[in-house]
Amino acid sequence: PAMIRFLRLLVYLCLLVGLGFIAASLYSPPVPVPLPPPPPLTGEIDRIVIEKSARRMQLMQDGKPVRTYQIALGFTPEGDKLRQGDGKTPEGEFTIDRRNSESAFHLSIGLDYPQPEDRERAARIGYSPGGDIFIHGQPNALPGGLQIKGDWTAGCIAVTNAEIREIWAVTPIGTKVEIRP
């Protein structure tokens, strides 16, 4: 009798484990449904708003955000840019003043940094304020489709190559850019 009970228990355990395996094999995890791509941008944007702490850049048209991107910043992004080589992305109001399709990065759109107050502050401290601050894609030397993770620029704002192509198409010289902390 004790041996029969033990064998029954063993059979029941084997059945339970077998049913568990069958149930597990029938389970399929939920498959995320990809969102449809956003509609193409039309016309020109009138403003770009960059929020450094959120690593977010928004293209604005008629005061409304029409596109949002995740961005990479300078390698030491906290605080305002004070001098060349500090790895910081400047904060304040700027204007797009140049476009470069032949840069070391996949397309680049230049900001009018440094401003007169940046030059004055740097001169008082005895340093160069730096310059050549751009919104750009990934380095041209990087194989296609790859993206550098984290904050890696010398003070610029970086996006993917596909994103900079979209931004390039709708951002004329003269567009205002606000960079917030």
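This is a predicted model: local features need pLDDT of at least 70, side-chain atom pairs count only at pLDDT 80 or more; totals for chains, interfaces and linings use all residues.
**Leu-10.** Leu-10 has 40% relative accessibility, so I noted it as partly exposed. I found this residue in helix H1, which covers residues 2–26. Together with Met-3, Phe-6 and Leu-7, Leu-10 forms a nonpolar surface patch with about 410 Å² of accessible area.

**Salt bridges.** I remembered that side chains of opposite charge can pair when their charged atoms come close. The structure holds 11 salt bridges, and I checked a few.

- Asp-151 meets Arg-55 at 2.8 Å, N to O. Asp-151 sits in the loop between strands E6 and E7, and Arg-55 in the loop between E1 and E2, so the pair ties together parts 96 residues apart in sequence.
- Glu-166 meets Arg-67 at 2.9 Å, N to O. Glu-166 belongs to helix H3 and Arg-67 to strand E3, so this pair links parts 99 residues apart in sequence. Glu-166 is partly exposed because its relative accessibility is 23%, while Arg-67, at 9%, counts as buried.
- Asp-86 and Lys-81 also pair, at 2.9 Å, and both are buried.
- I also saw Arg-47, Glu-93, Glu-178 and Arg-180 joined into one network by salt bridges that share partners.

**Largest pocket.** I noted about 250 Å³ of space here. Of its 19 lining residues, Gly-131, Asp-132, Ile-133, Ala-154 and Cys-156 are the closest to the centre. I sorted the lining into 6 nonpolar, 11 polar and 2 charged residues.

**Thr-175.** I found Thr-175 in the loop between helix H3 and strand E8. Its relative accessibility is 3%, so Thr-175 counts as buried. The C-alpha atoms of Thr-175 and Leu-111 are separated by 9.5 Å, although the two residues are 64 apart along the chain.

Definitions and conventions
Residues are numbered from 1 along each chain as its sequence is written. Side-chain values use heavy atoms; hydrogens and water are left out. Patches are made of residues with over 30% relative accessible area and no salt bridge: like charges are joined within 9 Å, nonpolar side chains (Val, Leu, Ile, Met, Phe, Trp, Tyr) within 5 Å. Accessible areas come from the Shrake-Rupley method with a 1.4 Å probe; for residues, only the protein chains shown count as cover. A salt bridge is a side-chain nitrogen of Lys or Arg within 4 Å of a carboxyl oxygen of Asp or Glu. Helices (H or I, at least four residues) and strands (E, at least two) are DSSP runs, numbered from the N terminus. Buried means under 20% relative accessible area, exposed over 50%, partly exposed in between (1.4 Å probe, protein chains only). On a 1 Å grid over the protein atoms alone, a cavity is a set of points where a 1.4 Å probe fits but cannot get out, and a pocket is an open set with protein on both sides within 12 Å along at least five of seven lines; lining residues have an atom within 4 Å of a point. Grid points are joined across faces, edges and corners, and a volume is the space filled by probe spheres set on the points. Ala, Val, Leu, Ile, Met, Phe, Trp, Tyr, Cys and Pro count as nonpolar, Asp, Glu, Lys and Arg as charged, and the others, Gly among them, as polar.
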